[in-house]
Amino acid sequence: MRDKLLAILHDSGSSYISGQEISDKLGISRTAVWKHIEELRKKGYKINAVTKKGYKMEYTPNSITADEINAYLDTKTFGRVVHSFDQVNSTQIPAHEAAREDAPEGTIVVAEEQLKGKGRMGRPFHSPKGTGLWCSLILRPSFPPQQAPQLTLLTAVAIAEGVRKVTDLPVDIKWPNDLLIADKKIAGILIEMQSDPDEIHAVIVGFGLNINQKQEDFPEDIQSRATSLAIAGAGQYNRAQLLAEILKQYEYWYFRMLEEGFGPVREKWEALAVTIGKYITAVTTRKTLCGLARGITKDGVLLLETEDGKIEYIYSADIHE
Ligand code: BTN
């Protein structure tokens, strides 16, 4: 009920909405409305109440709770089950546990803060309290494990589309798993799997999005390479709204991929990617290669044309321009 009340208050924006209208919409008494408003106030929401006008949301704590996410959510399954924490080492850990305990596809684990956020290749991922989106999404795709890398590209598309829809900011994708604004990292993706050699039990899609940090909030060693939506755009952004839009995009592209294959996602990815058509250096665990990024294969593998005209297939690497 509280999520529906939040949705009504968010929808009425800077206008007042009468207690009667809310009670009609929710099918509860005006006293019950007032009690829910009191509960929200205790949770840090500032809600103005004016006689004959009604209620107006003045301030939201911008938290990532199930109620807040639900207030914005427009999906069938994604984000319909939420495990939310104030603090965890990494959202990937409870997500793995939930996946082992048969959590349904689309379940998300979110936290206000991660103490040991995990990046790719064992790197730490800075995830300070209350500023970004630290989320793990559980998927149970019917395709074989070899296809899982495609999910990295699909995740990048979902985040880029979600962020663009809410903020209008020009988000680019950098192969394979970074999102950039003006060449600085805004989000990263980490995909982990529970699988047998020929069957996926669950994919845990971890993504971190920098939303309301100031430049000085980033550790010194990444300050010149990292940015947030607030730095790139205008003011603070609502984190739950961003998550809800990303999940909506995710659900759309994910089920499209299950039905139509990787083609449409690949096309969208190529339209959003900055890597393609550029001269890059790809640092893999075995070697460093320089050349022109020609595109991606139907499986999401990067095609690099080296100076001698040879096409190299890059499965995983750090990319520099
Ligand atoms: C990277 O850029 O190297 C990947 C970063 C992935 C970070 C997300 S935040 C939510 C989830 N939990 C983690 O510990 N990592 C992922």
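## Helices H8 and H9

Helix H8 (residues 239–260) packs against helix H9 (residues 263–272) at an angle of about 130 degrees, and their axes lie 7 Å apart. Axes here are lines fitted to C-alpha atoms, for helices over the stretch in contact, and angles run from 0 to 180 degrees between N-to-C directions. H8 and H9 are therefore oblique to each other; angles under 35 degrees count as roughly parallel, over 145 as roughly antiparallel, 65 to 115 as roughly perpendicular and the rest as oblique. Helices (H or I, at least four residues) and strands (E, at least two) are DSSP runs, numbered from the N terminus.

On the H8 side the contact is made by Trp253, Arg256, Met257 and Glu260, and on the H9 side by Gly263, Pro264 and Val265. Two residues are in contact if their C-beta atoms, placed from the backbone, lie within 7 Å. By class, the residues of this contact are four nonpolar, one polar and two charged. Ala, Val, Leu, Ile, Met, Phe, Trp, Tyr, Cys and Pro count as nonpolar, Asp, Glu, Lys and Arg as charged, and the others, Gly among them, as polar.

## The model as a whole

This is a predicted model, in which local features need pLDDT of at least 70 and side-chain atom pairs count only at pLDDT 80 or more, while totals for chains, interfaces and linings use all residues. Residues are numbered from 1 along each chain as its sequence is written.

The protein has nine helices and 14 strands. Its radius of gyration is 21 Å, close to the 20 Å that the globule rule gives for 321 residues, so the protein is as compact as a globular protein of that length. The radius is taken over C-alpha atoms, and the globule rule is 2.2 Å times the number of residues to the power 0.38. Along the principal axes, the C-alpha trace spans about 75 × 40 × 35 Å.

## Helices H2 and H3

Helix H2 (residues 19–26) and helix H3 (residues 30–42) have axes that come within 9 Å and cross at roughly 100 degrees. That makes H2 roughly perpendicular to H3. H2 contributes Gly19, Gln20, Ile22, Ser23 and Leu26 to the contact, and H3 contributes Arg30, Val33 and Trp34. These residues divide into four nonpolar, three polar and one charged.

## The seven-stranded sheet

Seven strands form an open sheet with mixed pairing, in the order E3-E4-E5-E9-E8-E7-E6. Two strands pair if DSSP finds at least two bridges between them. Strand E3 (82–88) and E6 are at the edges with a single partner strand each, so one side of each has no neighbour in the sheet. Direction ignored, neighbouring strands of this sheet are turned by 20 degrees against each other on average.

Strand E7 (residues 178–181) is joined to E8 by four bridges, and the two run antiparallel. Ile181 has Lys184 as its bridge partner in E8. E8 and E9 also pair in the antiparallel sense, over ten bridges, with Leu209 in E9 as the partner of Ala187. A hairpin joins E8 to E9 through two residues.

## Backbone details

Most residues other than glycine have a negative phi, and most peptide bonds are trans. Asn62 takes a positive phi near 55 degrees in the loop between strand E2 (54–59) and helix H4 (66–72). Ala182 has a positive phi near 50 degrees in the hairpin of E7 and E8, which has two residues between the strands. The peptide bond from Trp175 to Pro176 is cis, with omega near -5 degrees, and Pro176 is found in the loop between strand E6 (172–174) and E7.

## The five-stranded sheet

An open sheet of five strands has antiparallel pairing and the order E13-E12-E11-E10-E14. Strand E13 (311–314) and strand E14 (318–320) are its edge strands, each pairing on one side only. Its neighbouring strands are turned by 45 degrees against each other on average, direction ignored. Within this sheet, strand E10 (residues 279–283) and strand E11 (residues 288–296) pair in the antiparallel sense over five bridges, and Val283 stands opposite Thr288 in E11.

## Around the ligand

The ligand is surrounded by 20 residues, of which the closest are Ser90, Gly119, Gly188, Gly206 and Gly208. A residue is near a molecule if its C-beta atom, placed from the backbone, lies within 6 Å of it. Strand E5 (133–139), strand E8 (184–196) and strand E9 (199–209) are the elements that give two or more residues to this shell. The shell has six nonpolar, eleven polar and three charged residues.
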